[in-house]
Amino acid sequence: MVAIASASVSTPPSSLKTMTSKVASGSDQRTIFVVEDHPTTLAGIHSILERFGSNIALETLTTLQAAREAVRRLRPDLLVLDLQLPEGPGEPAATEFGIQFLKSLMKDYPEINIAIHTSYPDALVRIIPDIDNHRGGFTVTSKDSATDKAFERFKAALQGYTHTRDIRSLKAGLELKPEWLETLDLACKDGYQDRAIAKHLHVSESMVRNYWSKIYDVLGIYPEDAKEEGRNLRIVTCLKARDEGLIE
Amino acid sequence: MLPFLKVSLTGIRHFFQQSSRWPVGYVMIAGLVAARWLGLFATLELAVFDIFLRSRPAEGIDEQVVIVLIEQDPVRVDANLSESQLAELLEIIFSAQPTVVGLNVFREEFSDDLGREQLLNLFETHKNLIGVEKVLPPRPIPPIAPLSDSVAQNQFGLNDVPLDRDGRIRRVFVGAYLPDDNDDSTDNPFRFSFSFKLAEKYLTTKGYALENHPDNPDIPIFKDPESPGFTSIPILENDSGGYVREADISKIQTLLNFRSGSETLQVIDASKLFDRSQDLEALTDKVVIVDEVDAYFPRFLPISASSNLIQDSETRDILPRIGITGPELEAHATSQLIRSAIDTRPLIRVIPFWAEDLLIVSAGLLGIAISISFRSTLRSLISLAIVTLMVVGVCYLSLYRFGLWLPVAPIAISLPLAGITYLGFNYRSQRSALRSQEAALVEVQVLEAERQKAIERAFSAIHAGPLQRLSSLLRSAKDGKTEQSFVLEELTALNQEIRGVGERLRQEAIGDVYFFYSQGDIKLDLTHPMHEVLYEVYSLAVKRKLPGFETVKVRAVSIEPFNCGQLNLDVKRQLCWFLEESLQNIGKHALGTTRIQVLGKNINDFYSLKIEDNGPGIQSTHIGDGTQSSYRLELMLSGKFSRFSKRDGKGTVCELSWPSIK
């Protein structure tokens, strides 16, 4: 994992502009909701988020009800979410509640940025297809991860990137949605641009950009790194895809 | 004796328990008794009574009673017999020394006919000459006059005829209380009937004595001089037999048990006596009834008996058999009394009304008993018919042999009717029995299917887990990979897996879960949406360490949501198993596969689950157990399963599609 701390938060890659949340107030002010009921963990998350500096508006929610209400009121730039949560105050917490909340959240707000911070990342395996369909940022961090790593993932999510390798587990080969493979084929074999690919696949251009973000995740390409090294992101991707046998 | 009684008591209790479950039969019987009480059966019962009497075998000619018939010419009235000619005829008859002579001829009360003196004289001199009178309204006809009081009282009988409501004659008077001016009928003068007088005169000359019944002074009896017994004459009541509150039945009447057949009485033409062509011995010691009959149009009374006057076929064609003439009626009535005393030919008796009702109820219960004692409706029906016929036969015989008039019509209706209602009951209970049998059968089938499923599940569990490991171990052994540590590791895993199978089956049986067996048991919650569950199965399956997966570079996976609310747990499990097995096959057989595609798509009204690889394709035509299970799943979903090699021979496609539920 390469640190991306130096990347500017305020200037995301142009291709990801639409995916980042609308700024609530002011140009640099970011709204972050933390949904977590465990005080100790909450303190840990707060300490991680402190690294974002002063241009952060933080709101903490301890139940799913409160979280649902808050998101309806104001769309945050990032939602940091534990999975084991209670529905209402005083009620028992369960991973299943968190999963259900996450599913409905992704359905209602397909472009919201989400960072999952959980002890049981495996619970997400079941909804990988939903995560794959999600158009906003989505990263997963295990609670036992180092602070640095967690910060990077939160930040990546805020920027609209996807990082789900932790839950994709140790399987042979790469798992892609058929649309992504088509996108790769069209771009790398036929040299099509996003607009042309979108037309070909009968989807929006922003959807194609979303596909790319997913493909980067699958191939383990980190746009910030590639840019820093001065490489063309698409070409790097095509090369890697060919290496991995995604393009025949 | 006691055990038998016990058995029959149990039987009766059983019978009532069974029949009371369907009380319509009881209602029927009660309804019949009520209907009979209301008189709805009266006409039918009387008609059946007539038919029974008429259908008895012929009895032949009565030797005791002779009719002397004077033919009247309706055209030449002055040619009819004058009173002096009548007296002359009687004198001829008396010269033959008959036992008793009945003159069933009416003449005006007062007459200046020259023969009147002779007639009166005959009555005074012959105590065995009986005359007739009519005493009942509408038009009484007194005896001829002037006669001494004793002659008028002792030698005259009434020949009024009681009619039934249907206009027919079935009963005759034994005697009657003459109507008088006051309302009190007990002190009214009593008169015997003409026929009774004749019989009485005849029987007294034979030594019989007329007495009153020791228990009921209303009932006349003839006492046999030589035996202690006596012949009592059955007296009709208003409700006797088939009669229901028949107002015309007054004291004292009895039913007419006419002689059956068409030649029952000797009839002598009076003219033959006048011209002496008739042998007079035919009248000796007989009851002679003298009467006038219209030669051309004899008046027939509506009685079921056959007239002696219509014998040859010629007249039979002209005159319909509509009954018998007056003298015949008197002759039959006299004959039945004499015969019952001398020959013990039965007079017609009835049983008390309560006994009749009891018979009807018993018949109904018998019908019910017959009905429920047979399982087959047809048998019940046939038995009912047979028993009904038998009962009717018994009723007929009792009338014929013993003169006992039983309520045959209500019995013959109540027995089969009550029985038939229970046929319905039987049918119902049979149907419910059948239904419960069917239910039991379905249950058995369900259990059988459950058993089948359990076996299949057990097998697929073994197939998906331990057998896979075993075959890969075999393959390794064949390839010469027999390091002890490897074999030991594999065997340990195998041991674990086999143990796991049992646990998995046990838990699967109780919960809504699918057990994916890998290094540790993983439970998949089948209450989650199936596309998610299938994705989990997929991601777990491809994690397996199988030779076919080693070379995989790309997995294209997309499982669209589909409606799975209607799928039962078993189908869900089978779907999971189908996906697991299909991927397993790739891992096992499709060596060198680089790309796996798992696509779940809604296509029109179908949902299609397709598993594709780009391996070597299907190499053996052998249909494995896995494929067989897939065909079973196809059946359960009423869908379509197919497994084939791709056209270019590069890869295998395994597809299951089924109609999606809206």
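These legends describe close-up views of a predicted model. Local features need pLDDT of at least 70 and side-chain atom pairs count only at pLDDT 80 or more, while totals for chains, interfaces and linings use all residues. Residues are numbered from 1 along each chain as its sequence is written, with chains lettered from A and ligands numbered from 1 in the order in which they are written.

**View 1. Helix 4 of chain B spans residues 83–95.** Helices (H or I, at least four residues) and strands (E, at least two) are DSSP runs, numbered from the N terminus. The 13 residues of this helix reach 18 Å from first C-alpha to last, close to the 18 Å expected at 1.5 Å a residue (1.5 Å times one less than the number of residues). B:Gln97, with a positive phi near 55°, follows helix 4 of chain B.

View 2. Buried means 20 or more other C-beta atoms within 10 Å of a residue's own, exposed 12 or fewer, and partly exposed in between, with C-beta atoms placed from the backbone. B:Glu83, B:Leu86, B:Ala87, B:Leu89, B:Leu90 and B:Ile93 are buried. They lie on the same side of helix 4 of chain B because they cover an arc of only 160° around the axis (taken from the directions from the helix axis to the C-beta atoms).

**View 3. Strand 9 of chain A pairs with strand 20 (residues 554–559) of chain B.** The pairing is parallel, over three bridges (DSSP must find at least two bridges for two strands to pair). A:Leu176 stands opposite B:Ala556.
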